[in-house]
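I opened a new notebook page for this structure.

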Amino acid sequence: MRSFVRRAGRITSGQTKAFEALGTQFLLPSQERTIDLIAAFAYPESAEGQFDAKRRPVVLEIGFGMGEATAHIAAGLPDVNFLCCEVHEPGVGALLKRIGEQNLRNIRICAHDAVEVIDHMLPLQSLDGVHIFFPDPWHKARHNKRRLIQPPLVAKLAARLKPGGYLHCATDWQPYAEQMLEVLAAEPLLNNRALQSHPELQGYAPKPHYRPLTKFENRGLKLGHGVWDLVFERV
């Protein structure tokens, strides 16, 4: 199982500078042992080297693209730490650039396959949330098996959520939304809280306040395309 298909891309000079200036602090190397999430997000608070190493909620994001939504959410939720997985190098560089421009301190990036990060680095019940926004829908029927949201991955994620933690997926492709709903509903450790709070949405959830309306999504909505959010809670 892999969480991605690697695509080549061009790195801009600004992204290259962000790698050089910020990579040491904000990029986490992959490793085959569990990560200390408090130490990973520690950051010097002063010139004397005093570190802010508080225990804060941790949200895993899988596949952040160019990091626009990620930076927006992290800026709006400064008391939440975001561990973000992305293998597209220009996207990693773009998010590092946003981190520098917006002076964000609550993001760490693992430029590695998310499945291996989950398997090796994240202990059971260590996460407060998971975000998977607009994963590749693999439109053709013969490619549907390559979609990210499949029972084995969902089981891994559910096991790493704390009770009361949440898994939030979003897609603008209705057939994929229907598959997501079916797969998530079949996971015994997850509960669809929208069924009680918003029964009129038939299992889907209203867009949570923290997820921004990106330029890409807004363009699609103007063209009449739908967007489906799914928010499940760990029991």
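This is a predicted model: local features need pLDDT of at least 70, side-chain atom pairs count only at pLDDT 80 or more; totals for chains, interfaces and linings use all residues.

**Entry: Gln174.** Gln174 has 41% relative accessibility, so I noted it as partly exposed. That value falls between the 20% and 50% cut-offs. I placed Gln174 in helix α7, which covers residues 174-186.

**Entry: Phe19.** I went to helix α1, residues 13-26, and found Phe19 there. Its relative accessibility is 25%, so Phe19 is partly exposed too. What does Phe19 touch, leaving aside residues up to four places away in sequence? I listed Leu27, Glu89, Val92, Gly93 and Leu96. I also looked up Met180. The C-alpha atoms of Phe19 and Met180 lie 34 Å apart, and the two are 161 residues apart along the chain.

**Entry: positive phi.** Most residues other than glycine have a negative phi. Trp138 has a positive one, near 45°. I found Trp138 in the loop between β6 and α6. Is Trp138 buried or exposed? Its relative accessibility is 16%, so it counts as buried. The cut-off for buried is under 20%.

Gln202 also has a positive phi, about 55°, and it is not a glycine. I placed Gln202 in the loop between α8 (194-197) and α9 (215-222). Gln202 counts as exposed because its relative accessibility is 65%.

**Entry: positive patch.** I went back to the surface. Lys140, Arg142, Lys145 and Arg146 form a positive patch there. Arg142 sits in the loop between β6 (127-133) and α6 (151-160). At 56% relative accessibility, Arg142 is exposed.

**Entry: salt bridges.** Side chains of opposite charge can pair when their charged atoms come close. How many salt bridges does the structure hold? I noted six.

I started with Lys97 and Glu101. Their side chains meet in a salt bridge, 2.6 Å from N to O. Both are in helix α4 (residues 89-102), and they are four residues apart, so about one helical turn separates them. Lys97 is partly exposed at 34% relative accessibility. Glu101 is exposed, with a relative accessible area of 56%.

I turned to Asp119 and Lys156. This salt bridge is 2.7 Å from N to O. The pair links distant parts of the chain, 37 residues apart: Asp119 is in helix α5 (residues 114-121) and Lys156 is in helix α6. I noted Asp119 as partly exposed, at 34% relative accessibility. Lys156 is partly exposed, with a relative accessible area of 21%.

My next pair was Asp128 and Lys162. The closest N and O atoms in this salt bridge are 3.3 Å apart. Asp128 is in strand β6 and Lys162 is in strand β7 (residues 161-171), so the pair ties together parts 34 residues apart in sequence. Asp128 counts as partly exposed at 22% relative accessibility. Lys162 is partly exposed, with a relative accessible area of 28%.

I closed the page with a network. Salt bridges with shared partners join Arg211, Glu217 and Asp229.

How values were computed:
Residues are numbered from 1 along each chain as its sequence is written. Side-chain values use heavy atoms; hydrogens and water are left out. Helices (H or I, at least four residues) and strands (E, at least two) are DSSP runs, numbered from the N terminus. Buried means under 20% relative accessible area, exposed over 50%, partly exposed in between (1.4 Å probe, protein chains only). Contact means heavy atoms within 4.5 Å. Patches are made of residues with over 30% relative accessible area and no salt bridge: like charges are joined within 9 Å, nonpolar side chains (Val, Leu, Ile, Met, Phe, Trp, Tyr) within 5 Å. Accessible areas come from the Shrake-Rupley method with a 1.4 Å probe; for residues, only the protein chains shown count as cover. A salt bridge is a side-chain nitrogen of Lys or Arg within 4 Å of a carboxyl oxygen of Asp or Glu. Lys and Arg count as positive and Asp and Glu as negative; His and the chain ends are not counted. The place of a charge is taken as NZ of Lys, CZ of Arg, CG of Asp or CD of Glu.
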